Amino acid sequence: MKKNTRLTTIGRDPENNHGIVNPPVYHASTILFSSLDDLEQRDSHSYRNLSYGIQGTPTTFALEDAFTELEGAYRSIAVSSGLMACTVSLMSFVESGDHILMADSVYGPTRRFCNNVLSKMGVETTYYDPMIGAGIDKLIRENTRVVYCESPGSHTFEIQDIDAISAAAHQHGAIVIVDNTWAAGYYYRPLEHGADVSIQAATKYIGGHSDVMMGLIAMTEKTYDAINDMTVNLGTHAAPDDCYLTLRGLRSMPARLAQHYKSGLEVASWLKQRPEVDKVLHPALPDCPGHELWKRDFTGACGLFAIALHDFSRNALAAMLDDLELFNMGASWGGFESLILPGVKKFNRKQSPWPYHGPLLRLHVGLEDPEDLINDLAAGFERLNDAS
Ligand SMILES: *Cc1c(COP(=O)(O)O)cnc(C)c1O
(Lines give C-alpha, C1' and ligand atoms only; values in the text may rest on other atoms or scores of the structure.)
Protein backbone atom coordinates (compact mmCIF):
# COMPACT_ATOMS: atom_id res chain seq x y z
CA MET A 1 0.00 0.00 0.00
CA LYS A 2 1.02 3.56 -0.61
CA LYS A 3 2.24 5.84 2.15
CA ASN A 4 -0.99 7.82 2.59
CA THR A 5 -3.05 4.66 2.80
CA ARG A 6 -0.76 3.16 5.42
CA LEU A 7 -0.97 6.31 7.52
CA THR A 8 -4.75 6.09 7.67
CA THR A 9 -4.81 2.43 8.71
CA ILE A 10 -1.82 1.84 10.97
CA GLY A 11 -2.37 1.78 14.76
CA ARG A 12 -6.10 1.07 14.48
CA ASP A 13 -8.00 -2.03 15.50
CA PRO A 14 -11.77 -1.41 15.19
CA GLU A 15 -12.60 -5.14 15.19
CA ASN A 16 -11.36 -5.47 18.73
CA ASN A 17 -12.79 -2.17 19.78
CA HIS A 18 -16.57 -2.31 19.25
CA GLY A 19 -16.13 -1.12 15.67
CA ILE A 20 -14.92 2.29 16.83
CA VAL A 21 -12.60 3.88 14.29
CA ASN A 22 -9.99 5.31 16.66
CA PRO A 23 -8.22 3.46 19.48
CA PRO A 24 -9.58 4.45 22.90
CA VAL A 25 -7.67 6.46 25.46
CA TYR A 26 -6.48 4.11 28.18
CA HIS A 27 -5.45 5.91 31.35
CA ALA A 28 -3.36 3.85 33.73
CA SER A 29 -1.04 3.94 36.65
CA THR A 30 -1.86 0.68 38.43
CA ILE A 31 -2.16 -2.50 36.42
CA LEU A 32 -3.52 -5.45 38.37
CA PHE A 33 -2.22 -9.01 38.53
CA SER A 34 -4.55 -11.83 39.35
CA SER A 35 -2.13 -14.15 41.08
CA LEU A 36 1.19 -14.22 42.84
CA ASP A 37 2.56 -16.14 39.86
CA ASP A 38 1.50 -13.41 37.46
CA LEU A 39 2.89 -10.72 39.70
CA GLU A 40 6.24 -12.41 40.09
CA GLN A 41 6.53 -13.09 36.41
CA ARG A 42 5.97 -9.54 35.35
CA ASP A 43 8.98 -8.20 33.58
CA SER A 44 8.64 -4.50 33.32
CA HIS A 45 11.38 -4.33 30.69
CA SER A 46 9.96 -6.77 28.19
CA TYR A 47 8.34 -5.40 25.07
CA ARG A 48 4.85 -4.06 25.59
CA ASN A 49 4.28 -5.99 28.74
CA LEU A 50 1.74 -3.94 30.64
CA SER A 51 2.91 -3.84 34.22
CA TYR A 52 2.76 -0.18 35.18
CA GLY A 53 1.33 2.90 33.50
CA ILE A 54 4.70 4.58 33.07
CA GLN A 55 5.52 2.24 30.19
CA GLY A 56 2.44 3.40 28.33
CA THR A 57 -0.91 1.88 27.49
CA PRO A 58 -2.40 0.54 24.24
CA THR A 59 -3.07 4.19 23.29
CA THR A 60 0.68 4.87 23.44
CA PHE A 61 1.44 1.70 21.52
CA ALA A 62 -0.94 2.65 18.70
CA LEU A 63 0.90 5.96 18.25
CA GLU A 64 4.29 4.27 18.44
CA ASP A 65 3.29 1.71 15.80
CA ALA A 66 2.14 4.46 13.48
CA PHE A 67 5.38 6.38 13.95
CA THR A 68 7.42 3.24 13.26
CA GLU A 69 5.57 2.97 9.96
CA LEU A 70 6.04 6.66 9.16
CA GLU A 71 9.81 6.59 9.72
CA GLY A 72 10.44 3.07 8.40
CA ALA A 73 11.90 2.03 11.76
CA TYR A 74 12.29 -1.14 13.84
CA ARG A 75 10.43 0.27 16.84
CA SER A 76 9.43 3.63 18.29
CA ILE A 77 8.97 5.19 21.70
CA ALA A 78 6.74 8.12 22.65
CA VAL A 79 8.07 10.55 25.25
CA SER A 80 6.71 13.67 26.92
CA SER A 81 8.11 16.32 24.55
CA GLY A 82 10.26 16.83 21.51
CA LEU A 83 13.08 18.05 23.72
CA MET A 84 12.83 14.86 25.78
CA ALA A 85 13.23 12.86 22.56
CA CYS A 86 16.44 14.78 21.84
CA THR A 87 17.92 14.53 25.32
CA VAL A 88 17.03 10.93 26.16
CA SER A 89 18.41 9.76 22.79
CA LEU A 90 21.70 11.52 23.47
CA MET A 91 21.94 10.18 27.02
CA SER A 92 21.40 6.62 25.86
CA PHE A 93 24.79 6.38 24.19
CA VAL A 94 27.20 8.35 26.36
CA GLU A 95 28.97 8.13 29.67
CA SER A 96 31.65 10.12 31.42
CA GLY A 97 34.69 10.55 29.18
CA ASP A 98 32.74 10.29 25.93
CA HIS A 99 32.48 12.80 23.11
CA ILE A 100 29.59 14.03 20.95
CA LEU A 101 29.64 15.80 17.59
CA MET A 102 26.74 18.24 17.36
CA ALA A 103 25.55 20.21 14.33
CA ASP A 104 26.17 23.92 14.89
CA SER A 105 22.70 24.64 13.46
CA VAL A 106 20.93 22.59 16.12
CA TYR A 107 17.72 23.57 17.95
CA GLY A 108 18.76 25.83 20.86
CA PRO A 109 17.55 23.72 23.80
CA THR A 110 19.45 20.66 22.47
CA ARG A 111 22.59 22.80 22.48
CA ARG A 112 21.75 23.97 25.99
CA PHE A 113 21.38 20.37 27.18
CA CYS A 114 24.87 19.52 25.91
CA ASN A 115 26.42 22.64 27.39
CA ASN A 116 24.62 22.65 30.74
CA VAL A 117 23.90 19.01 31.52
CA LEU A 118 26.09 16.60 29.54
CA SER A 119 29.14 18.74 30.27
CA LYS A 120 28.55 18.26 34.02
CA MET A 121 28.43 14.51 33.48
CA GLY A 122 31.84 14.52 31.82
CA VAL A 123 30.60 14.32 28.22
CA GLU A 124 32.29 16.72 25.84
CA THR A 125 30.48 18.29 22.86
CA THR A 126 32.17 19.61 19.73
CA TYR A 127 30.05 21.62 17.32
CA TYR A 128 30.55 21.08 13.61
CA ASP A 129 29.59 22.96 10.47
CA PRO A 130 26.27 21.41 9.35
CA MET A 131 27.50 21.43 5.73
CA ILE A 132 30.57 19.34 6.60
CA GLY A 133 29.35 16.12 4.92
CA ALA A 134 32.03 13.42 4.67
CA GLY A 135 34.49 15.87 6.27
CA ILE A 136 33.01 14.86 9.63
CA ASP A 137 35.51 12.01 9.46
CA LYS A 138 38.33 14.30 10.58
CA LEU A 139 36.44 15.38 13.72
CA ILE A 140 35.59 11.90 14.94
CA ARG A 141 37.72 10.85 17.90
CA GLU A 142 38.27 7.50 19.50
CA ASN A 143 35.73 8.39 22.20
CA THR A 144 33.10 9.89 19.84
CA ARG A 145 29.88 7.99 20.50
CA VAL A 146 27.25 10.12 18.76
CA VAL A 147 27.08 12.33 15.68
CA TYR A 148 23.94 14.40 16.06
CA CYS A 149 22.28 16.04 13.05
CA GLU A 150 19.29 18.26 12.47
CA SER A 151 18.37 18.48 8.81
CA PRO A 152 17.51 21.13 7.94
CA GLY A 153 18.53 23.25 10.95
CA SER A 154 15.29 24.64 12.29
CA HIS A 155 16.39 28.29 12.16
CA THR A 156 18.95 28.48 9.35
CA PHE A 157 17.80 25.57 7.18
CA GLU A 158 21.06 23.90 6.13
CA ILE A 159 20.28 20.48 4.67
CA GLN A 160 22.83 17.91 5.85
CA ASP A 161 24.35 14.99 3.96
CA ILE A 162 23.13 12.25 6.27
CA ASP A 163 24.39 9.49 3.94
CA ALA A 164 27.97 10.78 4.03
CA ILE A 165 27.90 11.59 7.75
CA SER A 166 26.47 8.17 8.61
CA ALA A 167 29.05 6.34 6.52
CA ALA A 168 31.89 8.16 8.31
CA ALA A 169 30.34 7.77 11.76
CA HIS A 170 29.74 4.06 11.34
CA GLN A 171 33.34 3.46 10.31
CA HIS A 172 34.26 4.65 13.79
CA GLY A 173 31.40 2.91 15.58
CA ALA A 174 29.50 6.11 16.38
CA ILE A 175 25.70 6.36 16.39
CA VAL A 176 23.93 8.90 14.15
CA ILE A 177 20.87 10.66 15.56
CA VAL A 178 18.81 12.93 13.31
CA ASP A 179 16.23 15.46 14.44
CA ASN A 180 13.72 14.99 11.62
CA THR A 181 11.01 17.36 12.82
CA TRP A 182 11.08 19.57 9.71
CA ALA A 183 10.41 16.81 7.18
CA ALA A 184 7.98 15.17 9.63
CA GLY A 185 9.03 11.70 8.48
CA TYR A 186 6.86 12.33 5.45
CA TYR A 187 9.28 14.11 3.15
CA TYR A 188 12.45 12.44 4.45
CA ARG A 189 13.26 9.22 6.32
CA PRO A 190 16.76 9.42 7.88
CA LEU A 191 16.93 5.69 8.69
CA GLU A 192 16.88 5.01 4.95
CA HIS A 193 19.96 7.21 4.62
CA GLY A 194 22.08 5.45 7.23
CA ALA A 195 20.98 7.16 10.45
CA ASP A 196 20.39 4.99 13.52
CA VAL A 197 17.80 7.11 15.29
CA SER A 198 15.24 9.57 13.93
CA ILE A 199 13.48 11.83 16.38
CA GLN A 200 10.67 14.29 16.02
CA ALA A 201 8.98 16.95 18.02
CA ALA A 202 5.52 15.57 17.24
CA THR A 203 4.40 18.79 18.92
CA LYS A 204 4.92 20.28 15.45
CA TYR A 205 3.40 18.74 12.30
CA ILE A 206 2.17 15.40 13.60
CA GLY A 207 0.14 17.03 16.37
CA GLY A 208 -0.54 19.82 13.92
CA HIS A 209 -2.95 21.92 15.98
CA SER A 210 -0.74 23.79 18.48
CA ASP A 211 -2.30 22.03 21.45
CA VAL A 212 -0.10 19.09 22.37
CA MET A 213 3.49 18.39 23.48
CA MET A 214 4.93 15.11 22.25
CA GLY A 215 8.26 13.56 21.33
CA LEU A 216 8.71 10.45 19.20
CA ILE A 217 11.86 8.38 18.74
CA ALA A 218 12.22 5.91 15.85
CA MET A 219 15.04 3.39 16.12
CA THR A 220 16.87 0.66 14.29
CA GLU A 221 17.16 -2.73 15.95
CA LYS A 222 20.73 -1.90 16.93
CA THR A 223 19.76 1.20 18.91
CA TYR A 224 16.43 0.16 20.42
CA ASP A 225 17.63 -1.50 23.64
CA ALA A 226 19.87 1.37 24.73
CA ILE A 227 17.17 3.99 24.23
CA ASN A 228 14.42 1.84 25.69
CA ASP A 229 16.51 1.23 28.83
CA MET A 230 17.15 4.96 29.21
CA THR A 231 13.45 5.85 28.86
CA VAL A 232 12.63 3.24 31.52
CA ASN A 233 15.35 4.55 33.82
CA LEU A 234 14.34 8.18 33.44
CA GLY A 235 10.55 7.76 33.31
CA THR A 236 9.98 9.74 30.12
CA HIS A 237 6.28 8.89 29.96
CA ALA A 238 4.01 10.43 27.31
CA ALA A 239 0.46 11.00 28.59
CA PRO A 240 -2.35 8.96 26.97
CA ASP A 241 -4.57 11.92 26.05
CA ASP A 242 -1.61 13.50 24.30
CA CYS A 243 -0.84 10.23 22.49
CA TYR A 244 -4.43 10.14 21.31
CA LEU A 245 -4.32 13.73 20.02
CA THR A 246 -1.00 13.11 18.30
CA LEU A 247 -2.26 10.00 16.54
CA ARG A 248 -5.38 11.87 15.47
CA GLY A 249 -3.17 14.62 14.07
CA LEU A 250 -1.13 12.10 12.11
CA ARG A 251 -4.20 10.96 10.15
CA SER A 252 -4.57 14.32 8.41
CA MET A 253 -0.88 15.18 8.27
CA PRO A 254 -0.30 14.22 4.62
CA ALA A 255 -3.12 16.50 3.46
CA ARG A 256 -2.00 19.33 5.72
CA LEU A 257 1.65 19.01 4.71
CA ALA A 258 0.78 19.13 1.02
CA GLN A 259 -0.93 22.49 1.61
CA HIS A 260 1.90 23.81 3.84
CA TYR A 261 4.38 22.84 1.08
CA LYS A 262 2.43 24.59 -1.67
CA SER A 263 1.56 27.74 0.30
CA GLY A 264 5.03 27.92 1.88
CA LEU A 265 6.69 27.87 -1.51
CA GLU A 266 4.29 30.49 -2.85
CA VAL A 267 5.01 32.87 0.05
CA ALA A 268 8.77 32.14 -0.10
CA SER A 269 8.87 32.84 -3.85
CA TRP A 270 7.04 36.12 -3.32
CA LEU A 271 9.49 37.07 -0.57
CA LYS A 272 12.41 36.38 -2.91
CA GLN A 273 11.27 39.30 -5.10
CA ARG A 274 11.08 41.77 -2.23
CA PRO A 275 13.83 44.42 -2.02
CA GLU A 276 13.81 44.24 1.82
CA VAL A 277 14.86 40.58 1.73
CA ASP A 278 18.54 39.62 1.44
CA LYS A 279 18.08 35.84 1.30
CA VAL A 280 15.25 33.33 1.46
CA LEU A 281 16.36 30.21 3.33
CA HIS A 282 13.87 27.68 2.02
CA PRO A 283 15.42 24.29 1.19
CA ALA A 284 13.44 24.10 -2.07
CA LEU A 285 14.98 27.39 -3.28
CA PRO A 286 18.57 27.63 -4.56
CA ASP A 287 19.75 30.24 -1.99
CA CYS A 288 19.45 27.71 0.79
CA PRO A 289 22.63 25.91 1.88
CA GLY A 290 22.20 22.25 0.97
CA HIS A 291 19.52 22.88 -1.67
CA GLU A 292 21.18 20.23 -3.90
CA LEU A 293 20.90 17.70 -1.06
CA TRP A 294 17.25 18.60 -0.61
CA LYS A 295 16.70 17.81 -4.28
CA ARG A 296 18.60 14.56 -3.93
CA ASP A 297 17.02 13.28 -0.71
CA PHE A 298 13.73 14.98 0.12
CA THR A 299 10.34 14.56 -1.55
CA GLY A 300 8.88 17.86 -0.37
CA ALA A 301 9.01 20.70 2.12
CA CYS A 302 6.95 21.79 5.08
CA GLY A 303 5.81 25.36 5.74
CA LEU A 304 8.81 26.45 7.83
CA PHE A 305 11.59 28.62 6.39
CA ALA A 306 13.47 31.83 7.14
CA ILE A 307 14.33 35.10 5.52
CA ALA A 308 17.39 37.22 6.18
CA LEU A 309 16.48 40.89 5.83
CA HIS A 310 18.83 43.69 4.84
CA ASP A 311 19.90 45.94 7.69
CA PHE A 312 16.90 47.39 9.50
CA SER A 313 16.66 48.90 12.97
CA ARG A 314 14.87 47.17 15.82
CA ASN A 315 12.26 49.95 15.77
CA ALA A 316 11.50 49.37 12.11
CA LEU A 317 11.29 45.64 12.73
CA ALA A 318 8.88 46.18 15.61
CA ALA A 319 6.70 48.38 13.38
CA MET A 320 6.53 45.52 10.89
CA LEU A 321 5.97 42.67 13.32
CA ASP A 322 3.72 44.21 15.98
CA ASP A 323 0.84 44.82 13.62
CA LEU A 324 0.90 41.71 11.48
CA GLU A 325 -2.56 40.20 11.56
CA LEU A 326 -2.02 36.61 10.45
CA PHE A 327 1.65 36.03 11.23
CA ASN A 328 1.67 36.08 15.03
CA MET A 329 4.83 35.83 17.10
CA GLY A 330 5.39 32.74 19.21
CA ALA A 331 7.50 29.66 19.69
CA SER A 332 6.81 26.31 18.03
CA TRP A 333 5.41 25.67 14.54
CA GLY A 334 3.64 22.97 12.54
CA GLY A 335 0.14 24.00 13.58
CA PHE A 336 -2.58 25.17 11.20
CA GLU A 337 -1.75 28.83 11.84
CA SER A 338 1.01 31.05 10.53
CA LEU A 339 3.78 32.30 12.82
CA ILE A 340 6.76 34.60 12.58
CA LEU A 341 9.76 34.66 14.90
CA PRO A 342 12.79 36.97 14.90
CA GLY A 343 15.77 35.01 16.07
CA VAL A 344 19.24 36.20 15.29
CA LYS A 345 20.40 37.16 18.80
CA LYS A 346 20.00 33.70 20.25
CA PHE A 347 22.56 31.95 18.09
CA ASN A 348 25.90 31.13 19.54
CA ARG A 349 27.66 29.39 16.75
CA LYS A 350 31.09 27.90 17.18
CA GLN A 351 32.15 26.48 13.82
CA SER A 352 30.04 28.06 11.12
CA PRO A 353 30.11 31.87 11.39
CA TRP A 354 26.80 33.65 11.08
CA PRO A 355 26.60 34.73 7.42
CA TYR A 356 23.70 37.19 7.55
CA HIS A 357 23.95 40.90 8.41
CA GLY A 358 20.35 41.91 8.93
CA PRO A 359 17.67 40.37 11.11
CA LEU A 360 16.61 36.78 10.51
CA LEU A 361 12.89 36.04 10.56
CA ARG A 362 11.57 32.50 10.73
CA LEU A 363 8.17 32.05 9.14
CA HIS A 364 5.72 29.25 9.51
CA VAL A 365 3.21 29.32 6.68
CA GLY A 366 -0.04 27.89 7.97
CA LEU A 367 -3.24 26.83 6.26
CA GLU A 368 -4.62 30.32 5.63
CA ASP A 369 -5.04 31.42 2.02
CA PRO A 370 -1.55 32.39 0.82
CA GLU A 371 -2.90 35.52 -0.84
CA ASP A 372 -4.02 36.83 2.57
CA LEU A 373 -0.63 35.89 4.02
CA ILE A 374 1.20 37.77 1.29
CA ASN A 375 -1.00 40.83 1.82
CA ASP A 376 -0.23 40.70 5.55
CA LEU A 377 3.51 40.63 4.86
CA ALA A 378 3.26 43.35 2.19
CA ALA A 379 1.57 45.68 4.68
CA GLY A 380 4.30 44.74 7.19
CA PHE A 381 7.05 45.70 4.74
CA GLU A 382 5.33 49.03 4.18
CA ARG A 383 5.49 49.72 7.92
CA LEU A 384 9.12 48.53 7.98
CA ASN A 385 10.06 51.01 5.27
CA ASP A 386 8.02 53.86 6.76
CA ALA A 387 9.76 53.42 10.12
CA SER A 388 13.27 53.21 8.63
C1 LIG B 1 10.32 22.24 18.77
C2 LIG B 1 11.50 21.43 18.43
C3 LIG B 1 12.01 20.50 19.35
C4 LIG B 1 11.44 20.34 20.74
O5 LIG B 1 10.11 19.96 20.75
P6 LIG B 1 9.16 20.29 21.98
O7 LIG B 1 8.04 19.35 21.81
O8 LIG B 1 8.79 21.73 21.85
O9 LIG B 1 9.95 20.04 23.23
C10 LIG B 1 13.08 19.74 18.95
N11 LIG B 1 13.64 19.88 17.74
C12 LIG B 1 13.19 20.77 16.85
C13 LIG B 1 13.84 20.87 15.52
C14 LIG B 1 12.11 21.59 17.17
O15 LIG B 1 11.67 22.49 16.28
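This is a predicted model: local features need pLDDT of at least 70, side-chain atom pairs count only at pLDDT 80 or more; totals for chains, interfaces and linings use all residues.
As for where the ligand sits, the space it takes up is the largest pocket.

Some side chains come within reach of the ligand's own polar atoms. On the nitrogen side of things, a polar side-chain atom of Asp 179 is 2.6 Å from a nitrogen atom of the ligand. Oxygen gets its share too: an N or O atom in the side chain of Thr 203 lies 2.5 Å from a ligand oxygen atom, and for the side chain of Trp 333 the distance from an N or O atom to an oxygen atom of the ligand is 3.2 Å. Taken alone, the ligand would expose 380 Å², but the protein buries 92% of that.

Then there is a sheet to look at. Strands of a sheet pair through backbone hydrogen bonds, either parallel or antiparallel. Here five strands make up an open sheet with mixed pairing, in the order E8-E9-E12-E11-E10. Strand E8 (277-281) and strand E10 (328-329) stand at the edges with a single partner strand each, so one side of each has no neighbour in the sheet. Strand E9 (residues 304-309) pairs with strand E12 (residues 360-364) in the antiparallel sense, over five bridges. Along the way, Ala 308 stands opposite Leu 360 in E12.

Conventions: Residues are numbered from 1 along each chain as its sequence is written. Side-chain values use heavy atoms; hydrogens and water are left out. A polar contact is a pair of N or O atoms within 3.5 Å; within protein, one must be able to donate a hydrogen and the other to accept it, and residues adjacent in sequence count only if both atoms are side-chain atoms. Accessible areas come from the Shrake-Rupley method with a 1.4 Å probe; for residues, only the protein chains shown count as cover. On a 1 Å grid over the protein atoms alone, a cavity is a set of points where a 1.4 Å probe fits but cannot get out, and a pocket is an open set with protein on both sides within 12 Å along at least five of seven lines; lining residues have an atom within 4 Å of a point. A molecule sits in a cavity or pocket if more than half of its atoms lie within 2 Å of its grid points. Two strands pair if DSSP finds at least two bridges between them. Helices (H or I, at least four residues) and strands (E, at least two) are DSSP runs, numbered from the N terminus.
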